[in-house]
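I opened this model to look up a pocket, some salt bridges and a strand. My notes follow in the order I took them.

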Amino acid sequence: MSGRAGSTDSADLVVVGSGIIGLGAAYAAVRRGLSVIVVDRADAPVGATIRNFGHLCIGAQTGEARRYADLSRDLWLRLAQDAGFWIRESGTLVAARHADEIAVLEQAAADGGIRMLDADELLRLAPLRRRGLLGGAHIETDLQTDPRTAAAAIVRHLAGLGVDFRFRTAATSVAGRRVETTRGAITTGAVVVAANHDIDQLLPEVAERSGVVRCALDMMRAAVSLGHPLSAPLLTGWSLVRYGRFPDGAATAALRDRLHSERPDLAALDLNQMYTQLPDGTLIIGDSHATSTAPEPFQPEAAFTAFLAEAEALFEMPAPRVLERWQGVYAKASKDFLIDTVDEGVLVLAATTGIGMTTGLGLAEENLTATFGWTPAMEGTP
């Protein structure tokens, strides 16, 4: 970390925030031979980028989100190879326990990229309870990583390429081509503000104009005894009413109505019942959602109780042993993405619907190229 208090430094690009979108911005710039400084008030990526399932949910997106997700997929695979972190081209499994869930999946599968599974095939891929299982699907393009190790590995890789990371350094103002920080000013050719929900701390007018609030979610990691490993991230009917590829149409409306009428307690948690298994065998379980400008930090035990009960009902296993519980927070707004040029050379980026890991690298790559007039990065660059 360089830059003494009172000093003035310069770089071609200054990135505010070291989450996945900020890392994507730095990666886009350094591959074009530009000098980059990343500032972050923490001492490492500690926000939404590490507090998630590690599920890169590409095939369940549509429109703009699918475009960013497809671009992100290529970048994730390249970074994993170059930076040396774990990733797998697993796709995503969906377990269907009701006919209305099958109907939603069949409708989506008609567009390609989703393969329907009968119950026997799904059971070979996921250690689920057979009772009540009708079948499911495999979303073919999805990836899985470990967010805790991936973010740190990307930081190390980018630092090795010459990116100057200034952790424990807060940006206090961005004006024109100058960024004021708690360790001095930085002059720059361009700025990317990728501060997630904390955009309201640095650029409150942007947050207010875009309606950015915070979404807090509860998650847990547990030691489990499964008959065989979970071969891919696993979604359920509760997931089908969330992701862009599924919510439109009468079939999904009927599914949502049924879920909410049968389990109003889970609906009140705004549940996304899903699971990923890490390389060490532990299972990430979640998650709930609560939206506010300043969410309560207190996590209701009812959410965790529900997570465990639903996991035991779905998987063929004894009761999980909880190892960790945590709260994630991400930016949320009415649109999926915040893309705002607040001044010449100052670009604000955020994923505002909880799919930052899926789309963030592509969001940065595409919008930096368009906003700053960059040429596409050459194949074979770092």
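Predicted model: local features only at pLDDT ≥ 70, side-chain atom pairs only at ≥ 80, totals over all residues.

**Entry 1: strand β13**

I started with Arg221, which is found in strand β13. Is Arg221 buried or exposed? Its relative accessible area is 13%, so I list Arg221 as buried. Next I looked for a polar partner. The side chain of Arg221 makes a polar contact with the side chain of Thr282, at 3.2 Å. I then listed contacts, leaving aside neighbours within four places in sequence. Arg221 is in contact with Arg148, Leu278, Asp280, Thr282, Leu283, Ile284, Arg321, Val322, Leu323, Glu324 and Trp326.

**Entry 2: salt bridges**

Side chains of opposite charge can pair when their charged atoms come close. How many salt bridges does a search of the whole structure find? I noted 27. I followed three of them by hand.

Arg166 forms a salt bridge with Asp9, and the closest N and O atoms are 2.8 Å apart. Arg166 lies in strand β9 (residues 164-167) and Asp9 in strand β1 (residues 8-16), so this pair ties together parts that are 157 residues apart in sequence. I checked accessibility for both partners. Arg166 is buried at 7% relative accessible area. Asp9 is partly exposed at 24%.

Arg66 forms a salt bridge with Asp70, with 2.9 Å between the closest N and O atoms. Both sit in helix α2 (residues 63-83), and because they are 4 residues apart there, about one helical turn separates them. I list Arg66 as partly exposed, at 22% relative accessible area. Asp70 is also partly exposed, at 33%.

Arg325 and Glu301 meet through their side chains in a salt bridge of 3.1 Å, N to O. Arg325 lies in strand β18 (residues 321-343) and Glu301 in helix α11 (residues 301-314), so the pair ties together parts that are 24 residues apart in sequence. Arg325 counts as partly exposed at 39% relative accessibility. Glu301 counts as partly exposed at 44%.

I then looked for shared partners. Salt bridges of that kind join Arg41, Asp198, Asp200 and Arg214 into one network.

**Entry 3: the second largest pocket**

Rolling a probe the size of a water molecule over the atoms shows where empty space is left. I noted a volume of about 210 Å³ for the second largest pocket. How many residues line the second largest pocket, and which lie nearest its centre? I noted 14 lining residues, with Arg97, His98, Arg258, Glu262 and Glu310 nearest the centre.

I sorted the lining by class. It has 4 nonpolar, 4 polar and 6 charged residues. I then sorted the lining by element. Helices α8 (237-240) and α9 (250-262) each supply at least two residues. The largest share, 3 residues, comes from α9.

Key: Residues numbered from 1 in each chain as written. Heavy atoms only, no water. 1 Å grid on protein atoms, 1.4 Å probe; cavity = no way out; pocket = protein on both sides within 12 Å on 5 of 7 lines; lining within 4 Å. Points joined across faces, edges and corners; volume = space filled by probe spheres on them. Nonpolar A, V, L, I, M, F, W, Y, C, P; charged D, E, K, R; others polar. Salt bridge = Lys/Arg side-chain N within 4 Å of Asp/Glu carboxyl O. Buried < 20%, exposed > 50% of the residue type's maximum accessible area, 1.4 Å probe, protein only. Polar contact = N/O pair within 3.5 Å; in protein donor to acceptor, adjacent residues only side chain to side chain. Contact = heavy atoms within 4.5 Å.
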